[in-house]
Amino acid sequence: MHSQAGAHVSRRRFLALSAAGTAVGAASLGGCALPVSTGVSSSGETVTVMVKADDITPDLVKQAKKETGVTIKRVDYDITKLIAMLTSGSPPDLVRGVGATDAAYFAARDVMQDLDPYFAKSGVLKLDDLDPVNDLWRYDGKVQGKGPRYGMAKDFSQDSMYWYNTAAFDKKGVDYPSETEPVTFEEWMDHARHLVQRSKGQTTVSGGSYNGLTKLTLMATMTASAGGSLFSDDFSRVDFTTPEARKALAWYIDYCKLKVGPSLIQPDPNGWDGPTYQAGRLAMSNAGYWMGGMIGTDKKLAQVSRLAPAPVFAGGPRISACQGGTGLWMPRKAKNKDAAWRIFEWFFGEAPAKARASGGWGIPTLKSLRPLMPHQEDYQKRTLKAQENELKHFSVVSLTPYITGDAFESLYNQVTPAAMKGEISVDTLAGRLNSIINEQLKRGKEQVG
């Protein structure tokens, strides 16, 4: 599947990339002293990093220069520009990516640098210190979660966990969910139905939000929670008609039809859960630990907020996956790999990583940084206890390398509104999803070869 190092990347392999660009265990509390890089000195070098504005701020650029001697030239992330740079053989030295949805996709197209040799020599990023979430950035040519490492997550959450507001539960006389034992999806839905508040035909407080980070990760994770896989063994096809996938699809369509929370047919005017939850207009939010960074800025809200485990399907396994794992990867054709690796070490294992860990906006991906997670206040201790318990149930849910998250989302959104509105059955929807998504997967597989 992989070409020899130094070979030109086939333009055919980028057809799928181009389409994607346009398609609508308990935490250890040991010490956290940071080791020093043992890599080759790259002082005075410049690396080009393609990221979003809040990934690496101007202040971080200055900090990197001071602490590593390497100058970061930041380029705004743009998939079309990235494709052009990769195709021309002049890519950035480091690129932003989402481990769950990007790692296998780009690795299968042979444009990512195998980072195993760099990890093996690093005194900063040690393999036994890497949280298992970093396995999202591994791909062995067939299965995500195994094989070489192609990147690393900067922080993460188990994104099927949810926050709930105890004041909303008190107002409706609903018992609080456990912070350590999962409710079933049916129980979660029942809570949402009781918690929703409406006035004059308008929803004033949503009972709950459960939309995942992307529909690809949501459907794959929920299907795994039902005991199955959304994909065939070789990841070349989806099948929404299997009992497990249909159970996941039917639950989500019911959630949308009941209008207990935001969805494609009832969008949140804020665009995401954060401001709505903060304003007291959302009783439960399917946003993992990372949203605690926002919740913690409002002490009153923090006092009434709880973090609960990912729901389960009755009789199914306890799955609590990461649907994101945003981080960085190095293109195989990068021109300044040693300097790029020095920035990689600094970003993931030194001062920036310490700052992220202490902010509560995500779980650090080095286990040695876990003691920096906020734990001074009672509400922080409670949250951390719930999160530490949930880490025991983490697992990688492998995704297909033949379609992007954006392309899947676009196709999914084309056909699901009819079912959400009750115009077609779930079985009819499953057939339509199979048809349009498998056609895209077929093309993706042909392009990878």
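Me: Happy to start with a network: which residues are linked with Asp135 in a network of salt bridges?

Reply: Good place to begin, and do keep in mind that this is a predicted model. Side chains of opposite charge can pair when their charged atoms come close. Here the network of salt bridges joins Asp135 with Arg138 and Arg149.

Me: And how many salt bridges does the structure hold?

Reply: A pair counts when a side-chain nitrogen of Lys or Arg is within 4 Å of a carboxyl oxygen of Asp or Glu. On that basis, the total for the structure is 15.

Me: How far apart in sequence are the parts that arginine 96 and aspartate 55 tie together?

Reply: These two residues form a salt bridge, with 2.5 Å between the closest N and O atoms. Arginine 96 sits in strand 3 (residues 94-98), while aspartate 55 is in the loop between strand 1 (46-51) and helix 2 (58-68), so their pairing ties together parts separated in sequence by 41 residues.

Me: Are arginine 96 and aspartate 55 buried or exposed?

Reply: The cut-off for this label is under 20% relative accessible area. Arginine 96 and aspartate 55 both come out as buried.

Me: Now for glutamate 390 and arginine 318: which of them counts as partly exposed?

Reply: Their side chains meet in a salt bridge at 3.0 Å, N to O. Glutamate 390 has 1% relative accessibility, so it counts as buried. At 22% relative accessibility, the partly exposed residue is arginine 318.

Me: What separates glutamate 439 and arginine 443 along helix 17?

Reply: The two form a salt bridge whose closest N and O atoms are 3.4 Å apart. Glutamate 439 is partly exposed at 41% relative accessibility, and arginine 443 is partly exposed at 35%. Because they are four residues apart in helix 17 (residues 426-448), the separation is about one helical turn.

Me: Let's move to helix packing. At what angle do helix 9 and helix 16 pack?

Reply: Helix 9 covers residues 243-258 and helix 16 covers residues 405-420, with their axes 9 Å apart. Their crossing is right-handed. The packing angle is about 65 degrees.

Me: How many charged residues are there in the contact of helix 9 with helix 16?

Reply: On the helix 9 side we find Leu249, Tyr252, Ile253, Cys256 and Lys257, which meet Tyr412, Ala419 and Met420 of helix 16. Of the residues in this contact, seven are nonpolar and none is polar, and the number of charged ones is one.

Note on methods
Residues are numbered from 1 along each chain as its sequence is written. This is a predicted model: local features need pLDDT of at least 70, side-chain atom pairs count only at pLDDT 80 or more; totals for chains, interfaces and linings use all residues. Side-chain values use heavy atoms; hydrogens and water are left out. Helices (H or I, at least four residues) and strands (E, at least two) are DSSP runs, numbered from the N terminus. Buried means under 20% relative accessible area, exposed over 50%, partly exposed in between (1.4 Å probe, protein chains only). Axes are lines fitted to C-alpha atoms, for helices over the stretch in contact, and angles run from 0 to 180 degrees between N-to-C directions. A crossing is left-handed if the near helix is turned anticlockwise from the far one by less than a right angle, and right-handed if clockwise. Contact means heavy atoms within 4.5 Å. Ala, Val, Leu, Ile, Met, Phe, Trp, Tyr, Cys and Pro count as nonpolar, Asp, Glu, Lys and Arg as charged, and the others, Gly among them, as polar.
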